[in-house]
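Work through the following exercises with the sequence and the model at hand, and compare your reading with the solution given under each task.

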Amino acid sequence: MKMQSRICDIFGIRYPVFQGGMAWVSTAELAAAVSNAGGLGIIAAGNAPADWVAEQVAKCRTMTDKPFGVNVMLMSPYVDEVMEVLVRERVPVVATGAGNPGKYIPALKAVGTKIVPVVPSVALAKKMEKDGADAVVAEGTESGGHVGELTTMALVPQVVDAVSIPVLAAGGIADARGVVAAFALGAEGVQIGTRFLCSTECTAHENYKQAIVAAKDRDAVVTGRSTGHPVRCLKNKLTREYDRMEKEGASIEEIEKLGAGGLRNATVEGDTQMGSMMAGQISGMIADIKPCQQIMEELLDGVSGVLAGIQERLDA
Ligand code: TUI
């Protein structure tokens, strides 16, 4: 099998696999490694200032000659400045999360940048298609970080039916079975986060990676539902504190103060107790840390075996 789709032509990549933009985790090192392995590596701007993003873009360009992207977290206070940098740098692909990027699309398109909003609903997917997005990532609530309500299983086919631009599936995908399932739902590509976090090239702290490797099926929980910013991360002292404060009816400000700096604590300090170790529900299936190239090969080489297995079970 060629293992190619419309996504490969549009984005100039070998395999229809994007690496999810993970704040503090998806640095130039990870993005370049994924792009060099034939997927689309994506630097996450998160809440970082524009000059940090510009440095990461420059660094990524020294590490790969392949296309790469930058994910813009639309709740960041630096969104406008970050978008200016991305337009100036003519970054090949811009992905977005946690909001509606509509007003930035014309300036990005004008310099030839491809735009891929991450969407949690059919309504936003349709709007993004109308506004000129090149593809959408339909992300189910299985994913790590800021989550929507719908599961990947329910969201992806509904988005596929609603738009004609290609759809990538995200949330709960970490091996060839997930890739086949995504394509069965009508997706033309996948976006994968947690599996790439557990790669040798990822610069996140070893403790964070090992916590994902040790995690079981129910260990990636959602906190912050009451604040309107639900976030999935590995259960620890921080998530228990969150739960306690939410139950006690603490103010949104108090609860958010608890989370401030949590991602830095996890990714830089390796604090597994008070760090916010964002990770998806598929964490329980991730058992090792290996190079991106190997992750990519296993994802794709496994597909024909999964398809043969389906045939076998249906012919039993
Ligand atoms: O954005 C994500 N995942 C993220 S962003 C992030 S950074 C962060 N740090 C601390 C606290 C909160 C976030 C960590 N993980 N995924 C894509 C995604 N986008 N999921 C859901 C959405 C979304 C939600 C609402 C997109 C749009 C939306 O509303 C759009 C509108 O119409 O305003």
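**Exercise 1. Determine how H3 and H4 are oriented to each other, and describe their contact.**

Solution. H3 and H4 are roughly parallel to each other, a term that covers angles under 35 degrees, whereas angles over 145 count as roughly antiparallel, 65 to 115 as roughly perpendicular and the rest as oblique. The axes of H3 and H4 (residues 79-88) come within 8 Å and cross at roughly 30 degrees; such axes are lines fitted to C-alpha atoms, for helices over the stretch in contact, and the angles run from 0 to 180 degrees between N-to-C directions. Helices (H or I, at least four residues) and strands (E, at least two) are DSSP runs numbered from the N terminus. H3 passes H4 in a right-handed crossing, where right-handed says that the near helix is turned clockwise from the far one by less than a right angle, and left-handed that it is turned anticlockwise.

The next step is to list the residues in contact, that is, with heavy atoms within 4.5 Å. From H3 these are Ala50, Val53, Ala54 and Val57, which meet Glu81, Val82, Val85, Leu86 and Arg88 of H4. Sorted by class, the contact of H3 with H4 has seven nonpolar, no polar and two charged residues, where Ala, Val, Leu, Ile, Met, Phe, Trp, Tyr, Cys and Pro count as nonpolar, Asp, Glu, Lys and Arg as charged, and the others, Gly among them, as polar.

The model is a predicted one, in which local features need pLDDT of at least 70 and side-chain atom pairs count only at pLDDT 80 or more, while totals for chains, interfaces and linings use all residues. Residues are numbered from 1 along each chain as its sequence is written, and side-chain values use heavy atoms, with hydrogens and water left out.

**Exercise 2. Describe how H2 and H3 pack, giving the angle and the distance between their axes.**

Solution. H2 packs against H3 (residues 50-63) at an angle of about 35 degrees, and their axes are 9 Å apart. The crossing of H2 and H3 is right-handed. On the H2 side the contact is made by Ala28, Glu29, Ala31, Ala32 and Asn36, and on the H3 side by Gln56, Lys59, Cys60 and Met63. These residues of the contact of H2 with H3 divide into five nonpolar, two polar and two charged.

**Exercise 3. Find which backbone atoms the side chains of Thr239 and Lys109 reach.**

Solution. Thr239 lies in helix H11 (residues 237-247) and, at 2% relative accessibility, counts as buried. The side chain of Thr239 reaches the backbone nitrogen of Asn236 at 2.9 Å. Leaving aside its neighbours within four places in sequence, Thr239 is in contact with Val221, Thr223, Cys233 and Leu234.

Lys109, found in helix H5, counts as partly exposed at 40% relative accessibility. Its side chain reaches the backbone oxygen of Gly132 at 2.7 Å. With neighbours within four places in sequence left aside, Lys109 is in contact with Ile115, Gly132 and Asp134. The C-alpha atoms of Lys109 and Asp134, 25 residues apart along the chain, are separated by 9.6 Å.

Note on methods. Buried means under 20% relative accessible area, exposed over 50%, partly exposed in between (1.4 Å probe, protein chains only). A polar contact is a pair of N or O atoms within 3.5 Å; within protein, one must be able to donate a hydrogen and the other to accept it, and residues adjacent in sequence count only if both atoms are side-chain atoms.
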